[in-house]
Amino acid sequence: MAAGGLSRSERKAAERVRRLREEQQRERLRQVSRILRKAATERSAEEGRLLAESEDLVCDDPEELQRKVRELASAVRNAKYLVVYTGAGISTAASIPDYRGPNGVWTLLQKGRSVSAADLSEAEPTLTHMSITRLHEQKLVQHVVSQNCDGLHLRSGLPRSAMSELHGNMYIEVCTACTPNREYVRVFDVTERTALHRHQTGRTCHKCGGQLRDTIVHFGERGTLGQPLNWEAATEAASKADTILCLGSSLKVLKKYPHLWCMTKPPSRRPKLYIVNLQWTPKDDWAALKLHGKCDDVMQLLMDELGLEIPRYSRWQDPIFSLATPLRAGEEGSHSRKSLCRSREEPGPGDRGAPLSSAPILGGWFGRGCTKRTKRKKVT
């Protein structure tokens, strides 16, 4: 035995203890994963207690997360065609709730609680949004497929040709009477008067006079608009991808789109999948690597590992202001949502100085339109 060291039998005993602890932790993590697959209303009191006691298990410890980020960075560098899939989890840092997290929209609705949010015009692209834009500039990311309606990818400077907003964009309304469809980017949430199966915004096309509609795809609806959904580019990107990075998505909706997962290809030819999410996803078993962490934390580590600086978001450089079509005379009263402005002190066009509110949002993509579709009883 070396001076000051352990004997062989002591080292073996210590190794057995270490392995036992690791196995116990893995088993507990498997239990947590099984619980997270259930809706919040279906979890027992005992399961709720176990989740509360296991918060440390949901996130990878710093050393493990750093190791995984190094592996992810290698995958990003070596990818020939990297596509990023994003969900609500990348916008929680902008104070926009996710859907299936502990305080998510679906979770609260299932508990019978109201959904409220701060004025969405206050939301700005997060560190993750800006990191994705930089990765695209560096040609490390080829395309972004997003489930989010919040318009933050657009506002981060990501080119519209490089993204597919599968569920629409809260700042865009279109005229479907024009061919091709005529698009109007606004500096306010256009979905105030819209909801499930009711998409007219109350404004009209400047060219043909037709009714404008929002671009949001609610549960129970099929997205048919060319833009901003850009399904053609999404499926083409998926077919070319050798690597897919999923950020902040439960994948419970995206899994239903087989074209995004190249399911017609043999397993050996499908893209490698990397997932960053705090909760279980139905694609975890298929993933080459699963990182349990917050998206901003992971992306900060990733950009450091890649040696890339993350650009800071600036309202003065926000592309939405140059893309936006101003309202015509007489249309100023067609909405009551707070408008974006280049400076927080500057009043938005058409704003009437109303104070910010965190009252329940009553209409549009974030209110009635975000409730799940319910089956209607047939009238006989």
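Rings of Phe, Tyr and Trp (its six-membered ring) are said to pair if their centres lie within 6.5 Å, and the planes of a pair count as stacked when under 30 degrees apart, edge-to-face when over 60 and tilted for the rest. A search of the whole structure under this rule finds three aromatic pairs. The structure is a predicted model, in which local features need pLDDT of at least 70 and side-chain atom pairs count only at pLDDT 80 or more, while totals for chains, interfaces and linings use all residues. Residues are numbered from 1 along each chain as its sequence is written, and side-chain values use heavy atoms, with hydrogens and water left out.

Strands here are DSSP runs of E with at least two residues, numbered from the N terminus. Burial is judged by relative accessible area, with buried meaning under 20%, exposed over 50% and partly exposed in between (1.4 Å probe, protein chains only). Tyr 85 has 0% relative accessibility and so counts as buried; Trp 261 is buried too, with a relative accessible area of 0%.

Trp 261 also meets Trp 286: the ring centres are 5.8 Å apart and the planes lie at 70°, so this pair is edge-to-face as well. Again the pair links distant parts of the chain, 25 residues apart, with Trp 286 in the loop between β9 and β10 (289-291). Trp 286 is partly exposed, at 27% relative accessible area. Tyr 85, Trp 261 and Trp 286 together form one aromatic cluster. Lys 283 lies over the face of Trp 261, 4.7 Å from the ring centre; a charge sits over a ring if NZ of Lys or CZ of Arg is within 6 Å of the ring centre and within 35 degrees of the ring normal.

Elsewhere, attention turns to strand β4 (residues 172-175). Ile 172 and Val 174 point one way from β4, Glu 173 and Cys 175 point the other way, and all are buried. Two strands pair if DSSP finds at least two bridges between them. With strand β5 (residues 182-185), β4 pairs in the antiparallel sense over four bridges, and a hairpin of six residues joins β4 to β5. Within β5, Arg 182 is the bridge partner of Cys 175. Strand β7 (residues 211-214) also pairs with β4 in the antiparallel sense, over three bridges, and here Asp 214 stands opposite Glu 173.
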